[in-house]
Amino acid sequence: MAVATLPMAPEEHEAEEIARKVKLVDHLLSELRDEGLPSRRLAVSFPGLQERFDPHELRLSAAGTCPRLRAARLAGLVPPEQPDEVDAGYFLRGRLAELVVRAAFARCYRRRYRRERAVAHPWGSGHADLWLPAERLLVEIKSASTDEQGTVPEGLPWPEHVAQAQAYLHFLRDGRGRRRTADAVLVYVFAGRELTWRIYPVRYRPAEGERIASELAAIARRAADGTALGMPVPAGYRRLAPPCVGYRSGGRIERCPLWEHCWGRPDAEDDGTVEAPAELAGLLLEYGLLHRQRQEAEREAKRAGELLQQKQEALALAFAGLGNPERIRSGPFTVARSERKGSARLNMDALKAAVRCGLVSEEALESFTVSTPPSTRFLVREVNAEE
Ligand code: SF4
């Protein structure tokens, strides 16, 4: 029996047509990504991307990364790094940040600054982003992302970037072998809704410079004499934390190529999880539910705090409209108005950053530091029903 098809309404036809076109564009982009084309194209367009992965070089930009992995790479024990999509994305974002900062310097210093200032050392080389001879200042540019609220990431400046700047400061010398400068700045440019930046000074610390130099010497020696894997796992590294594993988008976990050498074979779950025996199931369930309850309460409190903040302007106008009385009452609530004096408090984040950058010594800080004894925390991870 022939089935009659009802003619499509013009809007239906249009919707179907645009859906088909969206699918087509999505398909073309997915194909491009799956073939790794963006990273290959970027590698060609930006030679720096390839240099970043030159296995024969001990790069100063890697000064803060795992020395054991660097030694193994130099010895050819692990395959050379291949830029992937994530690297390509970071690299491109970094190049944009660099363009922004360079444009700012170009206005003031015109040709009196140097890009990609080569910094040689006995086992390879490095390139500082900008060098301003007139100011005797090294500038290293980093890019990062802010979240939707424009919040910058925590813990800036990141230790590996400070180590990189210290390495440049240590090895940048004049013809007579004298250090050119003791000052660098790390400029973080944030790709978010607005263009924002933060600048951190890095002061040369001789002890740190010497540590980096002797680490490079040890890496080069061990790579040459076949004992690269004799480099110890650095203190403080953990088997399931970066840089030993990387957490990529979509929940993908990427292990360092030497992971098994350093931490042994991963078991099935690989995170040391043990199934709770029946008699403990109740306790775990109760702990988990209380944790969930607290998280919900905290989220609720945060939301209420934001709403209260938004209402303050209207309240200020209301008080002003009534001649600024001390209190206004309505129903069960009385709202009091009080003036707060401004106050100064110690900015711990800035202080920690100053220690990392070498502006305040750790010794100077010690007499103001109170230690707490080690303790155990119990963190809860809730698995979604779909997982
Ligand atoms: S697994 Fe961790 S410690 Fe081992 S080489 Fe890789 S980064 Fe270094």
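Modeller: Start with pairing: two strands pair if DSSP finds at least two bridges between them. Helices (H or I, at least four residues) and strands (E, at least two) are DSSP runs, numbered from the N terminus. This is a predicted model, where local features need pLDDT of at least 70, side-chain atom pairs count only at pLDDT 80 or more, and totals for chains, interfaces and linings use all residues. Residues are numbered from 1 along each chain as its sequence is written.

Colleague: How many helices and strands are in the chain?

Modeller: The chain has 11 helices and 9 strands.

Colleague: In which sense do β2 and β3 pair, parallel or antiparallel?

Modeller: β2 and β3 are antiparallel, with 3 bridges.

Colleague: Which strand pairs with β8?

Modeller: β8 (residues 327-330) pairs with β9 (residues 333-336), antiparallel, over 4 bridges. Arginine 327 sits opposite alanine 336 in β9. Their hairpin has 2 residues between the strands, and glycine 331 in the turn has a positive phi of about 55°.

Colleague: Why does arginine 136 count as exposed?

Modeller: Burial is a neighbour count: a residue is buried if 20 or more other C-beta atoms lie within 10 Å of its own, exposed if 12 or fewer, and partly exposed in between, with C-beta atoms placed from the backbone. Arginine 136 is exposed because it has 12 C-beta neighbours inside 10 Å. Asparagine 324 has 9 other C-beta atoms within 10 Å, so it is exposed too. Over the chain of 387 residues, buried residues make up 18%.

Colleague: Which peptide bonds are cis?

Modeller: Proline 157 is in the loop between β3 and α6. Another is the bond from proline 242 to proline 243, with omega near 10°. Proline 243 belongs to the loop between α7 and β6 (245-247).

Colleague: Now the core. How many residues does the largest nonpolar core have?

Modeller: In soluble globular proteins, nonpolar side chains tend to be buried together. A nonpolar core is a set of buried Ala, Val, Leu, Ile, Met, Phe, Trp, Tyr and Cys residues joined through C-beta atoms within 7 Å. The largest one here has 43 residues. Among those with the most contacts inside it are Leu138, Ala165 and Tyr168. Elements that each supply at least two residues include α5 (85-109), β3 (137-145), α6 (159-171) and β4 (183-191). α6 gives the most, with 7 residues.

Colleague: What does alanine 165 touch?

Modeller: Contact means C-beta atoms, placed from the backbone, within 7 Å. Not counting residues up to four places away in sequence, alanine 165 touches Leu138, Glu140, Ala184, Leu186 and Val202.

Colleague: Is leucine 137 buried or partly exposed?

Modeller: Leucine 137 is partly exposed, because it has 16 C-beta neighbours inside 10 Å. Leucine 137 is in strand β3. Beyond four places in sequence, its contacts are Leu132, Thr181, Asp183, Ala184 and Val185. Its C-alpha is 8.9 Å from that of arginine 180, which is 43 residues away along the chain.

Colleague: Last, which residues surround the ligand?

Modeller: A residue is near a molecule if its C-beta atom, placed from the backbone, lies within 6 Å of it. The ligand is surrounded by Cys66, Arg68, Leu69, Val233, Tyr237, Pro243, Cys244, Cys256, Leu258, Trp259 and Cys262. α4 and α8 (259-263) are the elements that give two or more residues to this shell.

Colleague: Why does the ligand lie between domain 1 and domain 2?

Modeller: Domain bounds come from an automatic or database domain assignment. Domain 1 (25-232) and domain 2 (233-265) both give residues to the shell, so the ligand lies between them.

Methods:
Contact = placed C-beta atoms within 7 Å.
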